Structures are given as structure tokens and as C-alpha cells.
Amino acid sequence: MTPPPDDAWIRSYHRLLPQSQSLLASHRSVIPVAISRVNQFDAARLDVEMSAMLKEQLVKVFTLMKPGMLFQYEPELDAFLEFLIWRFSIWVDKPTPGNALMNLRYRDERVAAHQSVRTGLEGPGLTAPQKIWYCVASVGGQYLFSRLQSFSAFRRWGDSEQRPLARRLWTLIQRIEGIYKAASFLNLLSFLYTGRYRNLIEKALKARLVYRSPHMNRSVSFEYMNRQLVWNEFSEMLLLLLPLLNSSAVKNILSPFAKDRSSSTKEDTVNCPICQVNPAIPFIALPCQHRYCYYCIRTRCASAASFRCLICNEPVIAIQREGLSSGK
């Protein structure tokens, strides 16, 4: 058996090198990237809250102006604030406030799909045309649609007395809005399934949200949210239990701790314990003989069969006009 030539290994290496490189490149390009859907939704919500905070501060500047004047330019104000957020975040290759808190950034998915990746998060940011179209669609589109809706509602294009052209334009606006909502709903289902593109603008521009750093957690604490959930559940429990409690009985139980009975004045025995005024038509509760307004005690006895006196906690079995002997 003759030994192989000295350069056999070198020739085999050069022959198999392109195949090995293409195999490695194919494995690198299919790294799955799972971006949390909750993070993306939270980022959008935080951006909305940030815009609302800026709007609130800006409105305070015009508090001394004529009331109602700023309301006429509310769409322009919203568009101006959205433009400012876009100008100092997306246009300068920085994340929006919500994306920064969620450790997210925009990536051009068209270029990233053809590049070799190491962690799945590499890729360039948005190009200048993508940024401009993002501003036109999100800021300009929202402003134009808001103005068109308010103008058509003010002109009453949807009324039957309007000209046929106005009614057709109103119908066209309603259809466009319906189609957009249906497409947004389908995109939402797609987003929940794939985790890509929260809205139609991101899908059309191929602007995908990915993590800025693979080793950085999001900067939002759940402490405030947990506190809100606890208080919300506690308030719902109170709203459920309070109608089931007898407020008169609870008041009578707590009354000894609230004030001393020995310090009661003559006014406490003269005034009605329900409305706290001198009865115009005085009636007394039997058998405890305490004075009430007729309408107050009559209403309480009609609403509760086992009504007890608010002063002595005795069951009221009858009422009678003060100074008479006839019972209930």
C-alpha cells in the first residue's frame, strides 16, 4: 500500500473549505430570536404614557389663555408631541422612552435576514427612508385622519340631508376605518403567534423590535403594579361586602367608642337621629320613645322589617305621632 502524497491533506482541506463555510453560515442565519411580546406591548404603553405626561405639562402653559381655544388645536398638539419624540429618538438612532425601558431597539429586518449572526440580535438600525416613512405614517397619518374625522363630523357628512358627494365621502371614510381595524386585528393575531411587528406600520417598513443587549433585563419594576393590584382587589372586596352589612348595627356597635353617652346634650334628643334636624312632623318610635321625622322613620321601617332605633338599638315595633296614642 503506497502512502498518500505529502500535500493530500492540504488539497482536501482547500476542496472542503467552501462547503464547511457555507454550512456554518447557514446554521448562523437561522438562530431563532424570541422577543417577549409583553415587553413590546409594555414599551408601546409607556410611550403613550410619556406622550400624555408631556401633553399635560404643555397644556399647563396655556392655562391663562381663553378657555376652549386649545381644544381646537388638540390634533396639532398631539402631532407636535409625537414628532418631538420621533425626532429625538428614532431619527437619531435611539430607542423611544418605552423601548429604552424595555431594552428594545428597531432593526432593519430586510438586511438582518441576509447577514451572518452570532446571537440573533445583530443587524443595522433603520435607514433614513424608513425613519421618514415611519414619521409620515405614525405622526402625519394619525393627524390627518383625526382632522378628517372632526371635519366630517362638524360638517355632518353622514346626515341624510347632505349632498350625495358628502354622504359618499362619509361612507368611504367609514369603510377605510373598518378595513384598517380589520387589518390591525389580523396583524395582532399574527403578532401574538410570531412575536414580530406590533402594528401595520412596523410590518410595512420591516422594522422589528429586538433586544439592545442580550444580557440586560428590562428596567421596569413590578412593585407599583403589585401594589395597584392589591388595592384594586381590596376595593372590589369592600364593594361586594358593604351592601351586605347592616350599617345601623355597625354604627351602634362602634358608637360607644366614638363618644360618651353621658355627654349627650339636649339637642341630641330633640333632633332626628337620621337627618340631624328638628323634626317638622315629629313621630316617636315604640317602645323606646325616641323622636324621629315621619318620613325618615317611615322610610327606614319600610325598607327594613327589623329596623332598630339608632339611639338605643331597640327594635322598633311601631311608630306614632308625638302627643297621640295611636300606634303604627
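**Reading helix packing**

Colleague: What covers the buried residues of α4?

Modeller: The cover includes α2 (37-61), α3 (69-72), α5 (97-101) and α7 (128-155). Keep in mind that this is a predicted model.

Colleague: Which residues of α4 are buried?

Modeller: Buried means under 20% relative accessible area. In α4, Pro75, Leu77, Ala79, Leu81, Ile85 and Trp86 are buried.

Colleague: How many residues does α4 have, and what is its reach from first C-alpha to last?

Modeller: Helix α4 spans residues 74-87, which gives 14 residues. Its reach is 20 Å, close to the 20 Å expected at 1.5 Å a residue.

Colleague: Now take α4 with α7. How do I read a pair of helices?

Modeller: Two packed helices are described by two values: the angle between their axes and the distance between the axes. For α4 and α7, the axes come within 9 Å and cross at roughly 170°. That makes α4 roughly antiparallel to α7. Angles over 145 degrees count as roughly antiparallel.

Colleague: Which residues in α4 and α7 meet?

Modeller: From α4 come Pro75, Glu76, Ala79, Glu82, Phe83 and Trp86. In α7 they meet Lys131, Ile132, Tyr134, Cys135, Val139, Tyr143, Ser146 and Arg147. The residues of this contact divide into nine nonpolar, one polar and four charged.

Colleague: On to another helix. Which residues of α13 are buried, and which are exposed?

Modeller: Helix α13 covers residues 294-303, and Cys296, Ile297 and Cys301 are buried there. These residues cover an arc of only 120° around the axis, so they lie on the same side of α13. On the other side, Tyr295, Thr299, Ala302 and Ser303 are exposed.

Colleague: What do the buried residues of α13 pack against?

Modeller: They pack against strands β3 (282-286), β4 (291-293) and β5 (318-321).

Colleague: Let me try a single residue. Where is Ala183? Why does Ala183 count as partly exposed?

Modeller: Ala183 is in helix α8, residues 164-194. Its relative accessible area is 29%, so Ala183 is partly exposed. The class lies between the cut-offs of 20% and 50%. Look also at Leu200: it is 17 residues from Ala183 in sequence, yet the two C-alpha atoms are 7.8 Å apart in space.

Colleague: Last, the whole protein. How many helices and strands are there?

Modeller: There are 13 helices and five strands. Of the 328 residues, 25% count as buried. Take the contacts with a separation of 6 or more: residues 24 or more positions apart account for 55% of them.

How values were computed
Residues are numbered from 1 along each chain as its sequence is written. This is a predicted model: local features need pLDDT of at least 70, side-chain atom pairs count only at pLDDT 80 or more; totals for chains, interfaces and linings use all residues. Side-chain values use heavy atoms; hydrogens and water are left out. Helices (H or I, at least four residues) and strands (E, at least two) are DSSP runs, numbered from the N terminus. The expected span of a helix is 1.5 Å times one less than its number of residues. Buried means under 20% relative accessible area, exposed over 50%, partly exposed in between (1.4 Å probe, protein chains only). Contact means heavy atoms within 4.5 Å. Axes are lines fitted to C-alpha atoms, for helices over the stretch in contact, and angles run from 0 to 180 degrees between N-to-C directions. Angles under 35 degrees count as roughly parallel, over 145 as roughly antiparallel, 65 to 115 as roughly perpendicular and the rest as oblique. Ala, Val, Leu, Ile, Met, Phe, Trp, Tyr, Cys and Pro count as nonpolar, Asp, Glu, Lys and Arg as charged, and the others, Gly among them, as polar. The arc is that of the directions from the helix axis to the C-beta atoms.
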